[in-house]
Amino acid sequence: MKPYDTIMFYCPVCHKKNEHVLYHPRGKNEFYHATNIPEKIATQIVPVTMDCKGCEKSLSLNLEDAPVRQYNLLARVDCSSDYAGMDSWYDWGGDTNP
Ligand SMILES: [Zn+2]
């Protein structure tokens, strides 16, 4: 039998409690709630679809973005200083119009 942990979550439609069985190598048959999932479990989550036990709607499960930002350093170009550049580019374009 493959090792797994179980993540409990509530259906966004009918709010019935569902259980997502997550198979992963370090599974210990433990139960977790959908929020505050430990990193070792969260990193094992892959997007899946399953049917709600209550309303039988197809639910898409995925790791929420927020926890990912906690684990990774996110480096982005700061665009706040680019607006002047964009404005001057548009001004320049306008000047060349007949
Ligand atoms: Zn439901």
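**Notes on the predicted model**

1. Strand S4 (residues 48–51) and strand S5 (residues 58–61) run antiparallel and are joined by four bridges. Within this pair, Asp51 stands opposite Ser58 in S5. Six residues lie between the strands of the hairpin of S4 and S5, where Glu56 takes a positive phi near 60°. Strands here are DSSP runs (E) of at least two residues and helices are DSSP runs (H or I) of at least four, both numbered from the N terminus; two strands pair if DSSP finds at least two bridges between them.

2. Residues are numbered from 1 along each chain as its sequence is written.

3. How confident is the predictor? The pLDDT, which is the predictor's confidence in each residue from 0 to 100, averages 79 over the protein chain, and 70% of the residues score at least 70. Among the elements of the chain, S2 has the highest mean pLDDT (94), whereas helix H3 (residues 83–96) has the lowest (54).

4. The protein chain contains three helices and five strands. Read from the N terminus on, these elements follow the order β-β-β-α-β-β-α-α.

5. Of the 98 residues of the protein chain, 3% count as buried. A residue is called buried if 20 or more other C-beta atoms lie within 10 Å of its own, exposed if 12 or fewer do, and partly exposed in between, with C-beta atoms placed from the backbone. As for contacts, two residues make one if their C-beta atoms, placed in that way, lie within 7 Å. Among contacts between residues at least 6 apart in sequence, 44% join residues at least 24 apart.

6. Three strands form an open sheet with mixed pairing, in the order S2-S1-S3. Strand S2 (17–23) and strand S3 (31–33) stand at the edges, each with a single partner strand, so one side of each has no neighbour in the sheet. On average, neighbouring strands of this sheet are turned by 30° against each other, direction ignored; the axes are lines fitted to C-alpha atoms (for helices, over the stretch in contact), and angles run from 0 to 180 degrees between N-to-C directions.

7. Strand S1 (residues 4–10) pairs with S2 in the antiparallel sense over seven bridges. S1 and S3, by contrast, run parallel and are joined by three bridges. Ile7 stands opposite His20 in S2, and the bridge partner of Ile7 in S3 is Tyr32. Tyr10 stands opposite Lys17 in S2.

8. Which residue takes a positive phi in the hairpin of S1 and S2? In this hairpin, with six residues between the strands, that residue is His15, whose phi is near 65°. His15 is not a glycine. His15 counts as exposed because it has 11 C-beta neighbours inside 10 Å. Most residues other than glycine have a negative phi.

9. Asn29, in the loop between S2 and S3, also deserves a look. Asn29 has a positive phi of about 55° although it is not a glycine. With 10 other C-beta atoms within 10 Å, Asn29 is exposed.

10. His24 is found in the loop between S2 and S3. Is His24 exposed, partly exposed or buried? With 16 other C-beta atoms within 10 Å, His24 is partly exposed. Leaving aside neighbours within four places in sequence, His24 is in contact with Pro3, Tyr4 and Gln44. The C-alpha atoms of His24 and Asp5, which are 19 residues apart along the chain, are separated by 7.6 Å.

11. Thr35 lies in the loop between S3 and helix H1 (39–42). Thr35 counts as exposed, with 9 C-beta neighbours inside 10 Å.

Notes: Predicted model: local features only at pLDDT ≥ 70, side-chain atom pairs only at ≥ 80, totals over all residues.
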